[in-house]
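Biologist: Hi, could you walk me through this one? I'd like to go through the helices and sheets with you.

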Amino acid sequence: MSRIFKAVKCPSEDLSVTNAAIVNEDDFKDVSHIIVTPTPHTDFIFTVLAHSSMPSGKIGFTASHRKWAGLMLSADLHVKPYRMNTKTQSIGVLQMEADFFAKKGQQAITVDSDKMAAEFSMQFGGRAFSVDEPLVFKYDKKLYSARVKDIEVIDYSHVDAKGTLAGKPKMAQLGLLTPNSTIIFEKVEGSMLNFSGKAKGKSSHQSIINPDWDFTKLGIGGLDEEFSGIFRRAFASRVFPPDIIEQLGMKHVRGILLFGPPGTGKTLMARQIGKMLNAREPQIVNGPQILDKYVGESEANIRKLFAAAEEEEKRCGSASGLHIIIFDEIDAICKARGSVAGNTAVHDTVVNQLLTKLDGVEQLNNILVIGMTNRKDMIDEALTRPGRLEVQMEIGLPDEHGRGQILNIHTETMRTNEKLADDVDLGELAALTKNFSGAEIEGLVRAAQSTAMNRLIKATSKVEVDTDAVAKLKITRSDFLHALQHDIKPAFGSSKEELDIFLAQGILSWGEPVNRVLTDGDLVISQIKTSDQASLITMLLEGAPGTGKTALASKIAKSSDIPFMKLCTPENMIGYTETAKCQVIKKIFDDAYKSPMSCIIIDDIERLLDYVPVGPRFSNLVLQALLVLLKKNPPPGHKLLIIGTTSRKDVLQDFEMFPLFKTVAHVSAISTAQQLIMVLDSTGGFSDAELQSIAKKLTGARLFIGIKTLLSVIDLAKQMQAGERADKFVNLIEDLGAIDYTGNVCL
């Protein structure tokens, strides 16, 4: 609530040079700043100073402040407390025009602006200043006047979800002077007062962040979270004035390592960083370009990259601009020392030279090295320790929101030129492109464009283009769907097509045993999606051969709608050596770790292990690999569901693998005539009379036949003529040994 006060003169000359509003001690307690409204819609901010000489209900102002704010003596003023926001209103640069307070008879003098700024900062630290505000202050026993010309504040708030940048300098009408603010004095035109010093005519603090940067304009999508992490670690310290960093005893981050699958935007992000920073033009080098066949030349190439930064550091010190060096495919030159065959040790000396430049005896504080690789595991570990490439950011596959951003970027030109049909829903496409990288999404857009253009081309004996329709060409939803189905497949996509083969005949729910397995699968899916505690969930489907374990596993996986689904099956590894099998299995798991949520089906585990009961014989190498991978948790923030199938539960127990599956579902064979008749009725092809005949013949008998085997027998029996199918069907399952009329359990 505002209160009414009377405007009066400042009580004394000493109080006048405080440039504060003088108030009574009892009027404003625990208040540092006030907002004064002399007339409606005109507000002025003043710092208050309590003094016993000021009567209660009155506020004293200097003559210059009264003139600036239009305050009449004894006029009623609406006054209320004002709280400055130190996160958004702290002054980075305060620029002022200064002159002698009394100009007559003054001789020309030169004042050290740095010393004057230091004195001014000590006198007025914590004071609020406004653009065009007049000031009077003492320096070196002389009285000076000044006018606030410009105020640049630094926004020290965090980066939000939309990518709004923390620490972004911006011009403002009001700011709070801090001990670390940069103060710049300029002479008034025609004044006899001159300035010398480092701060003469320019700011000693320049924002590292370009205020005009924008993710969309840079063509970067789906990397908001990753950039926020990079900014927090690598750029935040460069936003603050150098003296703050010196007071903290802090060193800037000098290296960033971007790693992740191909096509996820590592190179694009590194190339565009230079455009969003007020830095020197980035030097971009491919790793292999550094290597040279002549002795010492590779190391010299490394030194040349840092030469410009070293020279500027010596000349300008902390005022040096930032130099960015980008290494694409850095694993080509920075392999772990001793890992490259040969006696020349060229790779080792190149690594040593780069380590020296990053964190050697003569440390540079004006460089930022950005390395990119698909193979982080190959890089020398000394390069990734703190002080070198210490910020390591995984650039993974984009989520649905990120894919939407990427699609927006690559379709922007089409939308601007009205070449995108109204039926194209980018949100739908973002949902359909699960596990697509940024490069693959760009490829999808190109494929859709090619599909659309192909509609206008008639390829007969000669190629003809429908020129009349070219101007009306639009990319439609069907073009994108065609490209998704036929042209572009994600490198880290799912094995849905393989799973569809196992589900070609569908899932026949012939009884409670099938429903129980599917219910257990639903619970496991719910757990992997909602649990905050479990990141690795394992499930085993065990049962006799031919009972449909693989089909049920495929059904559970597909119904989960998990983006990444892979099938690890011995069918795809026929003829592989033990080592080759291990590499394939490890790659499946490594790929799964790159997706936020993944599902792996390990089918027919005993066959994958080359197990045979004679001997017995099995692959110990593959067994040990599976034992390790079944226990290994995915990276933080990632979840993995593993579904295994086996026909030899006893073998997995002997191998100590069985306890690694936390959920076990038994897949039963068909064991009663009622269950068998239910399957026959579901498949069709048998008349009611035939079904009754089969049921009569199986009365009192015990059955044991897997659904997979049963469906094959049913299909064979259907080839018989009507009236003969029932007898033939019974004969076929009798020959399989699936019926026991004595009541004993069939084996």
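Biologist: Which strands does helix H17 lie across?
Modeller: In this predicted model, H17 (residues 512-530) lies across E23 (536-543), E25, E26 and E27, where contact means heavy atoms within 4.5 Å. H17 runs at about 170 degrees to E23; axes are lines fitted to C-alpha atoms, for helices over the stretch in contact, and angles run from 0 to 180 degrees between N-to-C directions. Helices (H or I, at least four residues) and strands (E, at least two) are DSSP runs, numbered from the N terminus.

Biologist: And what is the order of the five strands in the open sheet with E23?
Modeller: The order is E24-E25-E26-E23-E27, with parallel pairing; two strands pair if DSSP finds at least two bridges between them. E24 (564-568) and E27 are at the edges with a single partner strand each, so one side of each has no neighbour in the sheet. From one strand to the next, the twist averages 15 degrees.

Biologist: How many bridges join E25 to E26?
Modeller: Six bridges join E25 (residues 597-602) to E26 (residues 639-646). Met-597 has Lys-639 in E26 as its bridge partner.

Biologist: Switching topic: at what angle do H23 and H25 pack?
Modeller: H23 (residues 673-683) and H25 (residues 707-717) pack at about 50 degrees, and their axes are 11 Å apart. That makes H23 oblique to H25, since angles under 35 degrees count as roughly parallel, over 145 as roughly antiparallel, 65 to 115 as roughly perpendicular and the rest as oblique.

Biologist: Which residues meet there?
Modeller: From H23, Leu-676, Val-679, Leu-680 and Thr-683 meet Ile-707, Leu-710, Leu-711 and Ile-714 of H25.

Biologist: How many aromatic pairs are there?
Modeller: The structure has 18 aromatic pairs; rings of Phe, Tyr and Trp (its six-membered ring) pair if their centres lie within 6.5 Å, with planes under 30 degrees apart counted as stacked, over 60 as edge-to-face and the rest as tilted. One of them is the tilted pair of Phe-618 and Phe-655, 4.6 Å centre to centre with 50 degrees between the planes. Phe-618 is in the loop between H20 (605-608) and H21 (620-629) and Phe-655 in the loop between H22 (649-654) and E27 (663-667), so the pair ties together parts 37 residues apart in sequence.

Biologist: What are the ground rules for the values?
Modeller: Local features need pLDDT of at least 70 and side-chain atom pairs count only at pLDDT 80 or more, while totals for chains, interfaces and linings use all residues. Residues are numbered from 1 along each chain as its sequence is written, and side-chain values use heavy atoms, leaving out hydrogens and water.
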